[in-house]
Amino acid sequence: MIGYFPKPYENEVIYSLIARYHCHVNNLSKYETIKDLFMSKKCNIDIDYVSNLDVLADKLKHFSMSLNEIYFLEKHTSAPFYFPFVKGDDVNEFVRCLSTFYRYRKKMNFSMLEKENLFYCPKCMEEQFEFFGEGYWDRIHQAPGVLVCVKHHIPLIKHPINLIKYKKQEFLLPEIEMISVKGPRYNDKILEKLIEIANDVIYIYNKGLFSLGREEILEKYLTLMAMKGIAFPIAKRKNHLGELLINYYSEEVLDIFDSSNLSWLDYVFSKNRFKRIHPLRHLLLMRSLAGSVKEFFEGEYSYEPFGKGPWICMNPLSDHYLEKRVSRVEISVHNRNREIQGDFICECGFVYRLRSWESSPLEVQHFSNRIIKKGTVWETEFLKLVNSGASMNEISKKTHLSKHTIRKILREGVVDPIQNNIRNIQKISLENREQKTQNYRKIWMKLREEFPLYSRTELAQLARAAFTWLHKFDKEWLEANSPASNHGKKLKTEAEYYRDDLMLLEIAQTVFNKWSEYEKNLGKLMRKSYWSFCEIIGSTHRLLRKKDYYPMTVDFIKSVEESVVEFQKRKAEHILATHFKDSYVTKYQLTEKAGIRKTIKPETETFVEELIKKHNSLLSSIPKSRNN
């Protein structure tokens, strides 16, 4: 039990509370304070959490029972920021004691830098001193990813002392002189994104201790990706998600959040590594997919590639033909091309299939090939037609089937060829399958002897059934006993490649000559890199993977390609000429505005210093009357 403890301010981080206690009771050392509050000198105290929080809560219960462990977790630590991404037993441990949270965060090894210094907003701090007579450290300002004050729309200032590296540092409290310190600067676009992310973090904190769970979060990710058209094919969804992030934030913003290396996206699609995604990166994903974290958590999403039902029934023998009676659709992925498809299932048993790009079954050519199942209603009405003595023309007109198909149904009794095929495959015993495989092997080898110069495609056209069967049930043997595949081989002649090379060379030269126009349309400078040329030309596949076939184009692009240093110099000159033409400029101002401050090369730095020196010197030599 202790006789005094400061009243917590709204959103005051736990470190600040302990620091104010230390100052108010005038303890001689931090270890004396730690012993007072935690009954041990070995308590871990960082910016946004402490261990032994249950001990502190026990010492304060005589002031108020509400000052319990859960209260401090929810209102004065960063626990709410991590809580939505933990579920099950982890949550119980998380609530039980903050030291578990500390171990959880360390164990996750998020591969992302945490804040090691205290951050503050000078205007907020000025208000604190004015209203309370003292300053404190705001919990939101210490949160990962929060680099601006959303109240005043200005960047936060980082305290110079690193509390993680200098563990022996005494408790720090805000000082009135800190209000006049100048903070960093961001351009308007970056500032806007930083404010958006800060608002997302505040939303998470305001929600308190709640958990959505990893499975639910991943399910929402996949649904939103599908809605945006980037979930399929599955093999490319990581690349599509990376492109979405870069387009939404820009590489510069992602770099600020230590997330520009997109290898961490692999964790999104790995069940075992999903928990290692830092919450801030979750927030980046949520905003890019849903517009904001609030929309992500509170929105209800469903992937409806075919719109909302009901849809029309295509059963011509039902009493509701072409009426909107289908309320159920099953979404799946095509086995070969990995495109989205939907099976529309009517209560009458009729099932038809559409591809994702098709909006209506009435527009599908050869619709009979899309009928998956006709159902009992269709079969019953079909038999009635046949037994009534209806002519072939009448049956064909009513069923919308060709006469050939109707005769086949009457002859073989197979109403649903697709379903029948599935049933037949399931019924084939291993013995029958092996016998059939041996027969088809003989047919295939006989064809190879008769047509030794034929390709596998030409042989397959001669014996489609044999090739299909062997490809499905005996693929290894088929590969070993077939002509070599032409897949990936050079099919064009040298003359054709030469003509293509000349064409691409002409396009590349035009792109080079119009580079300033591309930059003007883009609204910013663009490095003349090999990749940029490929993107503008629109032949990235050829020029990246088949360079040897287009030597003239490749040599030209490489001859005019701009190095990183050259591009940085050009950016510096451009910014100086457009933004600081008639004003003095510092190296920080120029490199920050040009977006090269963090990545500047030594050679560029020397160039910039000389450039600024000449520019400022020239301005000094201009008479004031002229300058005015």
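# Notebook: a walk through a predicted chain

**Entry 1: Val565 and helix H28**

I began with Val565, which sits in helix H28, residues 564-579. The model I am reading is a predicted one, where local features need pLDDT of at least 70, side-chain atom pairs count only at pLDDT 80 or more, and totals for chains, interfaces and linings use all residues. Residues are numbered from 1 along each chain as its sequence is written, and side-chain values use heavy atoms, with hydrogens and water left out.

I noted what a helix is here: helices (H or I, at least four residues) and strands (E, at least two) are DSSP runs, numbered from the N terminus.

Is Val565 buried or exposed? I found that Val565 is buried, at a relative accessible area of 17%. The cut-offs are these: buried means under 20% relative accessible area, exposed over 50%, and partly exposed in between (1.4 Å probe, protein chains only).

Next I asked which residues Val565 touches, leaving out those up to four places away in sequence. They are Lys601, Glu603 and Thr604. A contact means heavy atoms within 4.5 Å. I also looked up Pro602: Val565 and Pro602 are 37 residues apart in sequence, and their C-alpha atoms are 8.9 Å apart in space.

With a relative accessible area of 35%, His574 is partly exposed. From His574 to Ala594 I counted 20 residues in sequence and read 8.3 Å in space, C-alpha to C-alpha.

**Entry 2: the whole chain**

I stepped back to see the whole chain. It has 31 helices and 10 strands. Of its 628 residues, 44% count as buried. I looked at contacts between residues at least 6 apart in sequence, and 63% of them join residues at least 24 apart. The chain exposes about 35900 Å², with carbon and sulfur atoms supplying 49% of it. Accessible areas come from the Shrake-Rupley method with a 1.4 Å probe, and for residues only the protein chains shown count as cover.

**Entry 3: helix H8**

Then I turned to H8, residues 122-132. Which residues of H8 are buried? My list reads Pro122, Cys124, Met125, Gln128 and Phe129. Seen down the axis of H8, these buried residues fall within an arc of 160 degrees (taken from the directions from the helix axis to the C-beta atoms), so they line one face of the helix. On the face turned away from that buried side I found the exposed residues Glu130 and Phe131.

I wanted to know what covers the buried residues of H8. The cover includes strands S1 (117-120), S2 (148-149), S3 (154-155) and S4 (157-162). After H8 comes Gly133, with a positive phi near 80 degrees.

How many cavities of 30 Å³ or more does a search of the whole structure find? It finds two. On a 1 Å grid over the protein atoms alone, a cavity is a set of points where a 1.4 Å probe fits but cannot get out, and lining residues have an atom within 4 Å of a point. Grid points are joined across faces, edges and corners, and a volume is the space filled by probe spheres set on the points.

I picked the second largest cavity, with a volume of about 30 Å³. Its lining is Phe119, Tyr120, Cys121, Cys124, Met125, Gln128, Tyr136, Trp137, Asp138 and His141. S1 and H8 each supply at least two lining residues, and the largest share, three residues, comes from H8. By class I noted seven nonpolar, two polar and one charged residues in this lining. Here Ala, Val, Leu, Ile, Met, Phe, Trp, Tyr, Cys and Pro count as nonpolar, Asp, Glu, Lys and Arg as charged, and the others, Gly among them, as polar.

Asn11, in the segment before helix H1 (14-25), has a positive phi of about 60 degrees although it is not a glycine. Asp258 also has a positive phi of about 60 degrees without being a glycine. I found Asp258 in the loop between helix H12 (251-256) and helix H13 (279-290), and at 33% relative accessibility it counts as partly exposed.

Where is Pro310 found? It is in the loop between helix H14 (293-298) and strand S5 (311-312). A cis peptide bond joins Gly309 and Pro310, with omega about 0 degrees.

Note on methods:
On a 1 Å grid over the protein atoms alone, a cavity is a set of points where a 1.4 Å probe fits but cannot get out, and a pocket is an open set with protein on both sides within 12 Å along at least five of seven lines; lining residues have an atom within 4 Å of a point.
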